[in-house]
Amino acid sequence: MKTHLKFTAILLIAVSFFTRLSAQSFIHPGIDMNREDLELMKYKTLSGEQPWKGAFERLKAETQLSFKVETYAHVISGPYGKPDIGGTDLSKGAVMAYNCAVLWYITGQEAYAEKAVEIIEKWSESLRSLDENNAKLLVALSGYKFCNAAEILRYTYPGWNENHTEAFTKMIMSVYYPLLRYYFPQANGNWDGAIMHTLLAIAVFTDNRLLFDNAVYHYLHGKANGSLIKYIFPNGQCQETTRDQGHVQMGLGEFAGAARIAYTQGVDLFSAGDNRLALGYEYTSRFLLGKDIFSYGEPSHRDKDLRNDYGIEYVYQHYKAQGVDMPYTRSICDRVRDKSSLILLTAFRADFQNRNTKQYPLSCSKVAYPSGALRTSSVKIPEDAVWVSPGDSLQNILDEVANKGKTVFLRAGEYKLNKTLRIPSKVHLIGEGTATVLMFSSSVRTAAVMAATSDMSDVVIENMVIEGALDHNAGFDPNSGRFERQKRYANNLAGISFRSERNNTLSRIKLKNVSVINFSRTGVYISGAEDITIESCDFTENGTFVVPGPRLQHNLLLQRIDKAIIRDSRFDTSLHGAGVVLDHCRSLDIENCEIARNAWHGILLSECSGITVSKNLIEGNDGCGILSEFLYKGSASLKIHNNQIQYNNGYGIETFSVTDLSVSENRYDRNGRLSDQEHFSSDKILQMEKIAVY
């Protein structure tokens, strides 16, 4: 076995990152601000400097000492606040406590400190439980405010004593922490952003290093929608971009708030993913300002108000100090600054003052972006092409042109089919990009698109969407459709399934600029074929929990394929499977693809030979970035080089019993829990479900 390992500077950074987490002691005060930051805020305010002076005056006007503290033992908070038994009171109390603690620090007026103590003390004495739909979110959104207030008082106000610390700690550890400790990545990502925000605040207040490290790890590696890499895509689009912009701003703000606490304690999450958080803010700010954006799915125009309450000023100031230019974010800050109070007042780091850092533009990933039907190519339609419109019998037309080398042009529209579409040989099926959508009724089983014969050949499918959901772009919550598709008995349907009974009977198949999305089974499954090309495609959100079970349905599964090229394509967010699975394949290249956020491995290789994996972005997968497993012989002649492999839960690359393995020039960042980013074993070890030992 030939193996060349190149441990880059990024890998060394990853090692020092994990070492630093365990070694560092906590700074106090040290949640949103350390003592120097508090002093800067106080000095600037009392000196009458803007924007501190204006923010201070607005905060004073919002903070009435006549505020009546209403507490409950059992808080009930349902969806959209219905029912609401104590939820609003808890939320208002947290806001008021933080406001008063900051005003105490600036003015020295004990009345503010006394009010903050009163709020915290009364809730600490009374609160026992929270219940209903929004319980986790309410706790997550109020917890860090309470912790910030208590942290300031504990270390700056003589009237705060150990009894206050004991009572508050008891509340946050016995009521707040149990609701949050397992996160909730199944919800939209703003929930876990808020949960991490509060868990980090609790960790600092209670000096709990284990909890702090756990939240930081989840920030980078959380499953489903729960991590930064899951929430913000490599182009800056957010998981909730197609939902509404209010929730996007909320989600960004919560991830930023969590990163801010970590930064106060010397852990830099802002730079993670090549400044991924900044990319999310800029992408969203551009859209909020009315500029065009590329989006997978239709970006929502709901709730496009410019808000000042999602940490935007702090984020802008932070990245500005690091030399990251954010012109769209800066423009929004300029527009909302005179409406902000506490968030603006607390947005400035003492360490960042008087920096004149040269500004550099953000860069987003160009790997396979855009891909799928978004990347429609200009194709000259032949004069003898057959033009088809929605409502025409597409299957009858394909049957008529079978084996004639004809082009079938699908005009824009939704083609709603009640039977599996069977593709004959020698046909070029082309659409008008995202405007051409093939959809299938719930009566269709097994696969939406199949080969008409077992020796199908010379087929091109290009420039269209093949949709697995019953509605295309329906609803405003992209997470809701997942709940239905993940059920065990959900519609058991694959996207494209070209399968032969023997090897190499299917041949010369090309998929180009095709989006295959939202199928409960594998998005694209090709078996027993040769000479396959998959170019600029987007196979996303396929592969769920349907029988025969998880980890058997994927975005792309190629089985017993000879000679294939997969390039410039996107294989993201398989809900229970891998991005790409190669099973007994030979002579195949995967190049310049985005393979991300899948619930298993990025790429899984089983008994393959002559495989090259190069120039790909492989990130945020819940297993390894790349795994070559052993079944009975192992794989051979694998070349893995020049890939960006980051934030996967397993190793960046792991192999078992591979002969002639070449690994070089890969760039790693924070894969797995260990400093080792690669694991190569000559042992013939089967991959099995890990069993916990108690």
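Here are some notes on the structure above, which is a predicted model.

1. Let's start with the cores. The largest nonpolar core holds 113 residues, and those with the most contacts inside it are Leu130, Phe146, Leu153, Phe168, Tyr176, Tyr219 and Leu277. As background, nonpolar side chains in soluble globular proteins tend to be buried together.

2. Next, helix H13, residues 312–321. Nine of its 10 residues are buried, so the helix is largely enclosed by the rest of the structure. The buried ones are Ile312, Glu313, Tyr314, Val315, Tyr316, Gln317, His318, Tyr319 and Ala321. What do the buried residues of H13 pack against? Their neighbours are helix H11 (245–264), helix H12 (272–288), strand S4 (324–325), helix H14 (327–336) and helix H15 (342–345). If you check backbone torsions, look just after H13, where Gly323 takes a positive phi of about 85°.

3. There is an open sheet of three strands, with mixed pairing and the order S2-S1-S3. Strand S2 (84–85) and strand S3 (129–131) are the edge strands, each pairing on one side only. S1 (residues 74–77) pairs with S2 in the antiparallel sense, over two bridges.

4. On to charges: the whole structure has 29 salt bridges. One of them joins the side chains of Glu70 and Lys68, at 3.5 Å from N to O. Lys68 counts as exposed because its relative accessibility is 61%, while Glu70, at 34%, is partly exposed. Another links Arg337 and Asp334, at 3.0 Å from N to O. Here Arg337 is partly exposed with a relative accessible area of 21%, and Asp334 is partly exposed at 48%.

5. Glu535 forms a salt bridge with Arg567, with the closest N and O atoms 3.2 Å apart. This pair links distant parts of the chain: Glu535 sits in strand S16 (residues 524–535) and Arg567 in strand S18 (residues 556–567), 32 residues apart. Is Glu535 buried or exposed? Glu535 has a relative accessible area of 14%, so it is buried. Arg567, at 30% relative accessibility, counts as partly exposed. Beyond this pair, salt bridges that share partners join Asp538, Arg570, Asp572, Glu594 and Arg597 into one network.

6. Finally, the surface. Which residues make the nonpolar surface patch of about 440 Å²? Leu631, Tyr632, Leu686 and Met688 make it. Leu686 is found in the segment after strand S32 (678–681). With a relative accessible area of 42%, Leu686 is partly exposed. A patch residue must have over 30% relative accessible area, so Leu686, at 42%, clears that cut-off.

How values were computed
Residues numbered from 1 in each chain as written. Predicted model: local features only at pLDDT ≥ 70, side-chain atom pairs only at ≥ 80, totals over all residues. Heavy atoms only, no water. Pairing = 2+ DSSP bridges. Helix = DSSP H or I, 4+ residues; strand = E, 2+ residues; numbered from the N terminus. Patch = residues over 30% accessible without salt bridge, like charges linked within 9 Å, V, L, I, M, F, W, Y side chains within 5 Å. Areas by Shrake-Rupley, 256 points an atom, 1.4 Å probe, with all protein chains shown as cover. Salt bridge = Lys/Arg side-chain N within 4 Å of Asp/Glu carboxyl O. Buried < 20%, exposed > 50% of the residue type's maximum accessible area, 1.4 Å probe, protein only. Core = buried A, V, L, I, M, F, W, Y, C linked by side-chain atoms within 4.5 Å. Contact = heavy atoms within 4.5 Å.
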